[in-house]
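Visitor: I would like a close look at one kind of contact in this protein. Please take me through the charged pairs.

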Amino acid sequence: MANEPTRVVVSSDHAAIPLRQAIAAHLAAKGYAVTDIGPTTPESTHYPLHGKAAAERVASGDCHLGIIVCGTGQGIMMAANKVKGIRCGVCSDTFSAKMIRQHNDANMLSLGARVVGEGLALEIVDAFLGASFEGGRHATRVDMIEAP
């Protein structure tokens, strides 16, 4: 449907629950359809499982985009990128978040809860979601990323 809200999956490890929840609330307030796949309790958990689970939601088409969070954003991003069809970048600034969408057709964003504060994180999320793939010369490069 043309008026269907963008579906965004959010996930994190135990270290990033408060930031993930703030992002989910921010997205819902802006009209996005948010699928928060947890975790919900602060017991230690494994970020690769959460990165993979969110990436599978995006790769399957169940969600259009994904936002994942762990302590640095790095480990969960690495796990997400193992899923075929996922292009996830970790960002700690708005320029990079915009560029990974415009030039790399990123379908997932990763953030570090121990790297950026909530205010900056929400600005990064908005920059990511507000940008779109430019295609053109960038499409050739994205095709090269996707090639086996």
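How many salt bridges does a search of the whole structure find?

Guide: The search finds seven salt bridges. Keep in mind that this is a predicted model. Side chains of opposite charge can pair when their charged atoms come close.

Start with Arg-20 and Asp-36. Their side chains meet in a salt bridge, at 2.8 Å from N to O. Arg-20 sits in helix α1 (residues 17–29) and Asp-36 in strand β2 (residues 33–36), so the bridge ties together parts 16 residues apart in sequence. The two partners can be described by accessibility. Arg-20 is buried, at 1% relative accessibility. Asp-36 is partly exposed, at 35%.

Next, take Asp-126 and Lys-30. Their side chains also form a salt bridge, at 3.9 Å from N to O. Asp-126 belongs to helix α5 (residues 118–130), while Lys-30 lies in the loop between α1 and β2, so this pair ties together parts 96 residues apart in sequence. Asp-126 is partly exposed, with 28% relative accessibility. Lys-30 is partly exposed too, at 48%.

Now turn to Glu-146 and Arg-87. The closest N and O atoms of this salt bridge are 2.9 Å apart. The pair links distant parts of the chain, 59 residues apart. Glu-146 is in helix α6 (residues 137–146), and Arg-87 is in the loop between α3 (74–80) and β4 (88–90). Glu-146 counts as partly exposed at 30% relative accessibility. Arg-87 is buried, with a relative accessible area of 14%; the cut-off for buried is under 20%.

One more residue joins in. Asp-105 is linked with Arg-87 and Glu-146 in a network of salt bridges.

Methods: Residues are numbered from 1 along each chain as its sequence is written. This is a predicted model: local features need pLDDT of at least 70, side-chain atom pairs count only at pLDDT 80 or more; totals for chains, interfaces and linings use all residues. Side-chain values use heavy atoms; hydrogens and water are left out. A salt bridge is a side-chain nitrogen of Lys or Arg within 4 Å of a carboxyl oxygen of Asp or Glu. Helices (H or I, at least four residues) and strands (E, at least two) are DSSP runs, numbered from the N terminus. Buried means under 20% relative accessible area, exposed over 50%, partly exposed in between (1.4 Å probe, protein chains only).
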